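Student: I have a structure open and would like to learn how to read it. Could you take me through some features one by one?

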Amino acid sequence: MISTNILNDLGQNNTVETSLDKLKTYEVSNPLVRSGRTPQCVIKPKDVPELQKVIRKAKEGKFGLVPVSSGGPHTKGGISCSANHAVVDLADWNKIPWVNRRNRVCFVEPGVTYGQLNNFLQGYGMTLPTPLAPRDTKSVLASTIDREPHIWPRMQWDFQDPVACTEFIYGTGELFRSGAAGGPGTLEEQRKSKGAQKMPMGPGQTDFQRILIGAQGSMGIMTWISLRTELLPSIERPMLVAGDRLSKIIEYVYEVQRPWLGEHTFILNRLAAAMLMTCGNPGSFDRIRNSLPEYICMQNIAGFERLPTERLEYQYEELKNMAGGNGLKLVDKVGEIEAPALLKAAQSPCGPRDWRHVVKGHCLSIFFLSLLNNSEKYIAVARESARAFNIPDEQIGIYIQPVIQNHACHIEFMVPFNPDDNHEVENLKNYEADVTERLIKARAFFSRPYGKAAEMVFKNNPGNTELIRVIKGLFDPENILSPGKFNL
Amino acid sequence: MLTVDELKELKDIVGQEWVKDDLPTRDAYSIYYNSSSLNKEDKLWTARPAAVIMPKTPKEISELTKFCNRKDFMLKPFSTGWITSSAPGSRKTILLDLKRMDKIIDIDIKNQIAVVEPYVRAIDLQSELWKHGLNVHAVSCGGNHSILASTAAAWGYGITGASMGYQARNMLGVEWVMPSGEILTLGSPGDGAEWFSTDGPGPGVRGLIRGFQGTFGGLGTFTKVGVKLYRWDSDPEYEVHGGSPKYVLNRELPNLGVFILMFPSKKQITDAGYKLGEAECNYSDFRMPAFFIALGFTDNNLELKQLWSTGVFPKLARYVLTVCVHGHSKKEYQWKVKALKQIVKESGGLILPMQQIPLAAFDIVKPFFKMFKNPLKLITRIPFIQEITDMMKTSEEMRLKLLTTAFFILVRHANNSQGGFRASSGMFTSVGAFDTWDMGFEQADYIAGVKRPAIEKGLILDDGGDLGSGGTFDFGHLGYIEGIGEYSTNDPESRKATKAIVEESLHGTIERSLGLPIAAFGGPMNQLFGPHCYNYHEMIMKIKAKLDPNSSYDSWTYSGASEKAFPDEKEGYTFF
Ligand SMILES: Cc1cc2nc3c(=O)[nH]c(=O)nc-3n(C[C@H](O)[C@H](O)[C@H](O)COP(=O)(O)OP(=O)(O)OC[C@H]3O[C@@H](n4cnc5c(N)ncnc54)[C@H](O)[C@@H]3O)c2cc1C
Ligand SMILES: Cc1cc2nc3c(=O)[nH]c(=O)nc-3n(C[C@H](O)[C@H](O)[C@H](O)COP(=O)(O)OP(=O)(O)OC[C@H]3O[C@@H](n4cnc5c(N)ncnc54)[C@H](O)[C@@H]3O)c2cc1C
């Protein structure tokens, strides 16, 4: 229990919620995830010094803190905590304090969402690559510091992109700034010297923010980040390639990505594509799905500020030839899906709920990293395991997302389910355990481990896990931030 | 001194012939380029290492590390030893020269990833990669450096960064002999997968071992690294004629062009740099200071002196950006060249014809340049000046000659950066913080001012002051310029002046908020900068104490002089 004294003290300058109804909204709404405890309270700190105070009080009162930046529903389990804890909700910190077109950069606070940010950036002729159809309340900060993939792989050199610099608070309550923002000088002084807080490493010989990225709130609480933004296309011609043979599409994607051709790209199987396209209108789900071949790949082509039409034209020619060379066709429409509509759906907030959840109420998502040419191998693994649980192939959605300029790829399997059907839930729990184990055996890399993967993956490389423990001891020695995360 | 028993123990680990404790060998490893910058007394010699060992496997390194955990000795690994941070910090340091670990372990052509050992040099890897239509980012000390070191252990700035990024960000997995002796692989290969990520599962623990700078051998030895590769859509090989030191390409390479862009002002060169990045025209780029251009135009120092003294270069070539444009296809190449030309025109710049200009020509234009403060500003206002310039042609050989010079700098890292300080016996560097292209020029201007008094007194070479060298990264997202200078390594006064310049620049970058300079690593530097940067240095000390409680690795370049070092070895220095 958190003492009334502490709650009263924190309540003086900050909003502190304790009503059970409110607290319940911070529970993980996913029957497949081992549920953590309901938070004792939700604290919405007024500003950074108050947040530092919250951390100091947590130390004093011996309770944990789980930072939250997105609005609910929370389904992945990232904010699940089995210790006595309070939630620190930063979703109301939703300012975009600075933007700079010349250096293609902007600052966001934790609560800024993709819709909000991209509307704002449009006014500057810029955009931030989005994950595949983020839900309305998804925090840009939370998503990018979780290495969630986005759909414009050409613009991602390194896994930490698009995060540039950060401000964060250690578990000790100390404030830190990483990357170029780390100094010397204040942000304003740096900007006077024409710095723009874009360099993501350091300060110095350590890459501080790398350690918070992917840490699921266990190493520090970020109060803002700067982001590398991209030019908004001035003209676009979204196209599709599609077919029943994934291998051909994969060959095509390799050919296109190697020389940095084209823009947004991702591969969906027909189930996933239909789910994405119908999340606002589930009634058309069957019709759309049945109209599609097995796989469909987005291929956006664009021009920017410089010679846009000519750029689009030469790229179109090259891409058309590359599609043809792989026995594919670059087309505007596949079945019931028009390319511009798919691109729009992929880049727009999908609504209050994750688009994966619309068909049946919920969805099991299993995702990991590998190389693009391993995709078919992992699809076979997922299907083979599914057979043992009577899950037919056509009920498995597939999303393949090249990342870091197609030097790796995010592979995601999704199985929609009805959360009220206990039998189905039980079956999927077992499937998740089985398929995750098989995937790990087949060398899938669960770089962002959630669900069953989070329970299994840290056994693979004990030295690395030990190192995470060492770092936890340095960044959060009192174990205040997301206690229990990764069994720390 | 290692005892006979200790030597035997070491020899048992790596084999008799790979442990060197004879004086000549140890002395050969105690002198480095600019090593006099490492001590207050201006001594050329560093501490003499206790021994030099050349291990072959991670397992051997692990055993050597365990030895140092038990004994009063430390290890200091290096891959090529090119840079002075490879020097031993103590007489108790055993150097690990990793040149026997020289294998390209794998090239995954499809996924554009190489896995290499420490002594694979950039030039070796690039030669191999071009055969497969691939390329690697090489830092601009030249093709002689270790790709593993630039990826995992030390800096990562280079001319191909325009499209291939900073080398620390190209790391896709790393194998590490930790200070405990444990061998740990980080990222995807550590979990049994292929080499494609150093981050995860969960937190990016690689943040401990690789920041903007690296750990410079102060926190274990890296034995393998996965490297992100990039496309190469030109010929796999090229032929040259001529002879050392000037080879000339027999012909141009397809889909590849180099351009020398001249601008009358800082505003114009920076504008153009950003726009070229946005249009993705620059496969590689380099802000080439005027003095280096003069150097590139000449074959020897006498010519250089004559050319430089015409006074034409500081006015004509103050703001030059050399750019390599590389297209995937002919069509793409043409689009990029068109975009580049448009950008140069709208920024008020001029593309120099790709012609080695006869040196006599500079004597002819000298009076005109004397008359005006910024003659290039006037020249660029002449109607159709670019078209007129484009018509200037001498011979095919003169064209190929200049093209080759630019090609070897911008694309093929066949020369090392020593070529850049042919005019003196030594070079120093300063500032060089990484952030924006604009900030690069602020640093260049600042350091030019700091250098000026020493130039006027004749203490360092008169390079015009602004020898700011650098470029853009990730298609204009990032940028940097470092402030180079040339001095005489043989002249104590010149060395002293250089030290003073670098020292002043360290404090100046703090006062002016010009970012964390290249030299900000190691004990004294981190102590200086840490308090201005959220005390980052304290975390370094904590990491070192936690991971290396027995000081098994010499940490003068990381957390500061090691516990084991002798008292006289714990003093400050100014690294340049
Ligand atoms: C980072 C770095 C690392 C290095 N590592 C090593 C190393 O490991 N081992 C090593 O041995 N060296 C090393 N060097 C030193 C370098 O290799 C030497 O400078 C080189 O051996 C000399 O050749 P050079 O082409 O640089 O000669 P230059 O610099 O051109 O000349 C060297 C000297 O000889 C004089 N000279 C040149 N030509 C003539 C001539 N025709 N007649 C009379 N005098 C002449 C010059 O005036 C000058 O004083 C290193 C240098 C650097 C910058
Ligand atoms: C004249 C000159 C110009 C330079 N220009 C640039 C430049 O433009 N951009 C740039 O980024 N750098 C530059 N450098 C610095 C440096 O050479 C590079 O950063 C290079 O990438 C490092 O490779 P190396 O072969 O020089 O490494 P080494 O000399 O072998 O080592 C560099 C450092 O890394 C450590 N190290 C090396 N191998 C290992 C290992 N296996 N495990 C642990 N630690 C290791 C060493 O202890 C040393 O401190 C320059 C250096 C010189 C001398």
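This is a predicted model: local features need pLDDT of at least 70, side-chain atom pairs count only at pLDDT 80 or more; totals for chains, interfaces and linings use all residues.

Student: Where in chain A is Phe285(A) found, and which residues does Phe285(A) touch?

Tutor: Phe285(A) belongs to helix α10 (residues 285-290) of chain A. Not counting residues up to four places away in sequence, Phe285(A) touches Leu271(A), Ala274(A), Met275(A), Thr278(A) and Val359(A).

Student: Is Ser62(B) buried or exposed?

Tutor: Ser62(B) is buried, because its relative accessible area is 4%. Ser62(B) sits in helix α3 (residues 58-70) of chain B. Leaving aside neighbours within four places in sequence, the contacts of Ser62(B) are Val177(B), Gly181(B) and Ile183(B).

Student: How many residues of α15(B) are buried?

Tutor: In α15(B), 11 of the 15 residues are buried, so this helix is mostly covered. Among them are Arg399(B), Lys401(B), Phe407(B) and Phe408(B).

Student: How should I think about which residues of a helix face the same way?

Tutor: An α-helix has 3.6 residues a turn, so residues three or four places apart point the same way. With that in mind, look at the buried residues of α11(B), which include Glu332(B), Trp335(B), Lys336(B), Ala339(B), Leu340(B) and Ile343(B).

Student: What covers the buried residues of α11(B)?

Tutor: The cover includes α11 (308-325) of chain A. From chain B it includes β11 (230-231), β14 (256-263), α7 (266-278), β16 (319-326) and β17 (350-352). After α11(B) comes Gly348(B), which has a positive phi, near 75 degrees.

Student: Now the interface. How is its size described?

Tutor: The size of an interface is often given as the accessible area lost when the parts come together. Between chain B and chain A the buried area is about 8,500 Å², and carbon and sulfur atoms give 56% of it. Arg169(B), His477(B) and Tyr534(B) supply 11% of the area that chain B buries against chain A, more than any other three residues. Counted by residues, 106 of chain B are in contact with 95 of chain A.

Student: How many polar links are there between chain B and chain A?

Tutor: There are 54 residue pairs in polar contact between the two chains. Helix α11 (residues 330-346) of chain B gives the most to the side of chain B that touches chain A, with eight residues. That side divides into 44 nonpolar, 34 polar and 28 charged residues.

Student: And salt bridges?

Tutor: Side chains of opposite charge can pair when their charged atoms come close. Over all chains the structure holds 82 salt bridges. The interface of chain B and chain A has 14 salt bridges. In one between the chains, Arg102(A) pairs with Asp438(B), with the closest N and O atoms 2.7 Å apart.

Student: Which parts of chain B does the pair of Asp299(B) and Lys246(B) tie together?

Tutor: The closest N and O atoms of Asp299(B) and Lys246(B) are 3.7 Å apart, and the two form a salt bridge. Asp299(B) lies in the loop between α8 (290-297) and α9 (301-308) of chain B and Lys246(B) in strand β13 (residues 246-249), so the pair ties together parts 53 residues apart in sequence. Asp299(B) is partly exposed at 38% relative accessibility, and Lys246(B) is partly exposed at 21%.

Student: What about the pair of Asp199(B) and Arg206(B): buried or exposed?

Tutor: Both residues are buried. Their side chains meet in a salt bridge of 2.9 Å, N to O. Asp199(B) and Arg206(B) also belong to a network of salt bridges that includes Asp158(A), Arg228(A), Arg169(B) and Asp474(B).

Definitions and conventions
Residues are numbered from 1 along each chain as its sequence is written. Chains are lettered from A and ligands numbered from 1 in the order in which they are written. Side-chain values use heavy atoms; hydrogens and water are left out. Helices (H or I, at least four residues) and strands (E, at least two) are DSSP runs, numbered from the N terminus. The expected span of a helix is 1.5 Å times one less than its number of residues. Buried means under 20% relative accessible area, exposed over 50%, partly exposed in between (1.4 Å probe, protein chains only). Contact means heavy atoms within 4.5 Å. Buried area is the accessible area (1.4 Å probe) that two parts lose on being put together, summed over both. A salt bridge is a side-chain nitrogen of Lys or Arg within 4 Å of a carboxyl oxygen of Asp or Glu. A polar contact is a pair of N or O atoms within 3.5 Å; within protein, one must be able to donate a hydrogen and the other to accept it, and residues adjacent in sequence count only if both atoms are side-chain atoms. Ala, Val, Leu, Ile, Met, Phe, Trp, Tyr, Cys and Pro count as nonpolar, Asp, Glu, Lys and Arg as charged, and the others, Gly among them, as polar.
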